[in-house]
Amino acid sequence: MTNQDINARMGVALIGAGMIAPTHVAALSAMRDQLRLGAVVSRHPENAAYLADHYAGDAPLFTADLAEVTDNPDIHMAIVATPPSVRIDLITALAKAGKHILLEKPVARNSAEAQQVVEICESAGVSLGILFQHRARAPSIAAADLIAKGGLGKLAHVEIAIPLWRDQSYYDELGRGTYARDGGGVLLTQAIHTIDLALSFTGPVTRVQGMVATTALHRMEAEDMAVAGLQFANGAVGSLTASTASYPHGVETITLHYEHATLRVGTGSLDVFWRGARNDHEVVVAGGASDNGPVVAKHGWHQAIIADFADAIRKGTAPMVTGRQALASHHLITAIETSSRDGRIVDLPLA
């Protein structure tokens with residue numbers, strides 16, 4: 001692939017046509033001047049054809065044959081939005097063909113598989129980005145900027161809260177909430193977004209004591225509730241609570257207690273409480289879009305991540321979240337699960 005090829009309208013393939021696929025297609029439609037959706041790969045392409053209604057450009061090829069992507073020199077990157085259970089072979093084939101990969105979270109079903117995915121892409125020399133769209137929210141960006149400027153003092157206490165609700169019908173879908181298909185429950189499927197965002201603010205966790213469980217509100221194999229005490233490399237301590245058994249559906253928040261101020265980062269807001277100041281409450285971002293259910297209603301956050309990834313390919317730079325950076329969230333989730341299973345404190349090595 002030459003620089004001229006990359007700088008033209010970049011060809012994109014979407015692998016997987018599940019519940020998040022319309023969001024990806026709408027995002028790609030909004031970027032059709034820079035990116036071209038060339039193919040949608042699905043086990044049942046006839047059932048995926050409706051996605052053409054979400055795309056304003058020329059209708060893509062709908063196929064069940066991955067070779068239509070790997071053998072096509074006009075497709076430069078692939079968005080992989082399949083269940084984690086079928087990713088290793090897909091990613092191996094795409095990476096060997098030189099296709100850059102933007103991967104829906106999680107990277108894989110467990111830390112070992114996630115490490116394998118990262119190494120496959122690194123060995124092939126292709127870029128691997130992870131679609132953690134919470135990074136693209138206005139409150140997240142504003143919080144990251146404020147932290148980077150300094151002036152908050154030392155981080156002392158972190159509260160990560162993910163109080164979500166999923167009806168039983170959500171888990172009645174074949175394989176959902178199982179270890180074989182999804183790799184786990186609320187931690188790996190929902191909370192990993194907020195965990196990634198929190199770690200981007202705080203830096204790594206070094207010690208965990210956790211408990212996971214399945215409440216009486218759901219019939220499922222994996223957990224729908226998790227709690228953990230956290231110790232961070234920078235000396236801060238904190239807590240994580242995550243659930244899909246919290247009715248009514250709540251709002252995810254990350255609260256960061258610094259020496260001079262507290263930041264409360266929500267889905268659509270950023271509040272800063274300055275200690276000792278006359279006007280102690282500063283609303284940095286107010287209102288905005290939020291998640292009201294299992295699927296993000298608008299495609300703007302996905303569009304921002306996809307645009308960043310395409311730009312990184314063109315420039316030869318790292319995307320917003322690399323595969324290797326995403327391993328930190330996987331390792332933390334594994335540590336919480338291990339702590340719960342073994343009834344002990346788990347130490348995480350620094351990368």
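Select Leu263. Not counting residues up to four places away in sequence, Leu263 touches Ala143, Leu146, Ile147, Leu152, Ile254, Thr255, Leu256, Tyr258, Leu270, Asp271 and Val272. Contact here means heavy atoms within 4.5 Å. The model is predicted: local features need pLDDT of at least 70, side-chain atom pairs count only at pLDDT 80 or more, and totals for chains, interfaces and linings use all residues. Residues are numbered from 1 along each chain as its sequence is written, and side-chain values use heavy atoms, with hydrogens and water left out.

Leu263 is among the residues with the most contacts inside the largest nonpolar core, along with Ile15, Val69, Leu103, Val208 and Leu230. That core has 72 residues. Its largest share, 10 residues, comes from helix 9 (residues 186-202). A nonpolar core is a set of buried Ala, Val, Leu, Ile, Met, Phe, Trp, Tyr and Cys residues joined through side-chain atoms within 4.5 Å. Buried means under 20% relative accessible area, exposed over 50%, and partly exposed in between (1.4 Å probe, protein chains only). Helices (H or I, at least four residues) and strands (E, at least two) are DSSP runs, numbered from the N terminus.

Now colour a second, separate core of 28 residues. Tyr55, Met77, Leu102 and Ile313 are included in it.

Go next to strand 12 (residues 261-265). Strand 12 pairs with strand 13 (residues 270-274) in the antiparallel sense, over 5 bridges. Strands count as paired if DSSP finds at least two bridges between them. A hairpin of 4 residues links strand 12 to strand 13. Select Arg264 and look across: Asp271 in strand 13 stands opposite.

Stay on strand 13. Strand 14 (residues 281-285) also pairs with strand 13 in the antiparallel sense, here over 4 bridges. Asp271 stands opposite Val283 of strand 14.

Jump to His302, in helix 10 (residues 300-315). His302 counts as buried because its relative accessible area is 0%. Show the side chain of Glu104 too: a polar contact of 3.3 Å joins it to the side chain of His302. A polar contact is a pair of N or O atoms within 3.5 Å; within protein, one must be able to donate a hydrogen and the other to accept it, and residues adjacent in sequence count only if both atoms are side-chain atoms.

Finish at Ala114, in helix 6 (residues 111-124). Ala114 has 0% relative accessibility, so it is buried. Beyond four places in sequence, Ala114 touches Val107, Ala108, Leu327 and His330.
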